[in-house]
Amino acid sequence: MRKGEIGRRIRAVRRERGLTLRQVAAAAALSATHISEIERGHTTPTVGALLRVAQALGKEPHFFLETERLPEVSLVRAAD
């Protein structure tokens, strides 16, 4: 994974959801400055911070760590 990729993915999801840095920071119990530093690749989040940011964004933490972005999929059975 390239340096800063986690932050780029966090920023992309935050923007897709129409959330501000402050909204994500409040939901994750982190500072907006810290979220910004992660997004810009100036720092790498700890496991705990990544868990809280992922939850605030409605994503599983592994989404931000996968070496390649995989498409979101869902399984629908014929009976459903």
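At what angle do α2 and α4 pack, and how far apart are their axes? I opened the predicted model with that in mind. I found an angle of about 120 degrees and axes 8 Å apart. The crossing of α2 past α4 is right-handed.

**Entry: the α2 and α4 contact**

Next I listed the residues that meet here. From α2 come Val-24, Ala-27 and Ala-28. From α4 come Arg-52, Val-53, Ala-56 and Leu-57. I then sorted this contact by class. I noted six nonpolar residues, one charged residue and no polar ones.

Which residues of α2 are buried? I noted Val-24, Ala-25 and Ala-28. They lie on the same side of α2, because they cover an arc of only 100 degrees around the axis. I checked what this buried set packs against, and found α1, α3 and α4. Then I turned to the other side of α2. There I found Arg-22, Ala-26 and Ala-27 exposed. I also looked just past the end of α2. Ala-29 sits there with a positive phi of about 55 degrees.

**Entry: the core**

I looked up the largest nonpolar core next. I recorded 16 residues in it. Which of them touch the most other members? I wrote down Ile-10, Leu-30, Ile-35, Val-53, Leu-57 and Phe-64. The largest share belongs to α4, with five residues.

**Entry: after α4**

Last, I moved to the segment after α4, where Glu-60 is found. Is Glu-60 buried or exposed? I read a relative accessibility of 52% for Glu-60, so this residue counts as exposed, the cut-off being over 50%. I also took its distance from Leu-50. Glu-60 and Leu-50 are ten residues apart in sequence. In space, C-alpha to C-alpha, I got 9.7 Å.

Notes
Residues numbered from 1 in each chain as written. Predicted model: local features only at pLDDT ≥ 70, side-chain atom pairs only at ≥ 80, totals over all residues. Heavy atoms only, no water. Core = buried A, V, L, I, M, F, W, Y, C linked by side-chain atoms within 4.5 Å. Buried < 20%, exposed > 50% of the residue type's maximum accessible area, 1.4 Å probe, protein only. Helix = DSSP H or I, 4+ residues; strand = E, 2+ residues; numbered from the N terminus. Axes fitted to C-alpha atoms, helices over the stretch in contact; angles between N-to-C directions. Left-handed = near helix turned anticlockwise from the far one by under 90°. Contact = heavy atoms within 4.5 Å. Nonpolar A, V, L, I, M, F, W, Y, C, P; charged D, E, K, R; others polar. Arc of directions from axis to C-beta.
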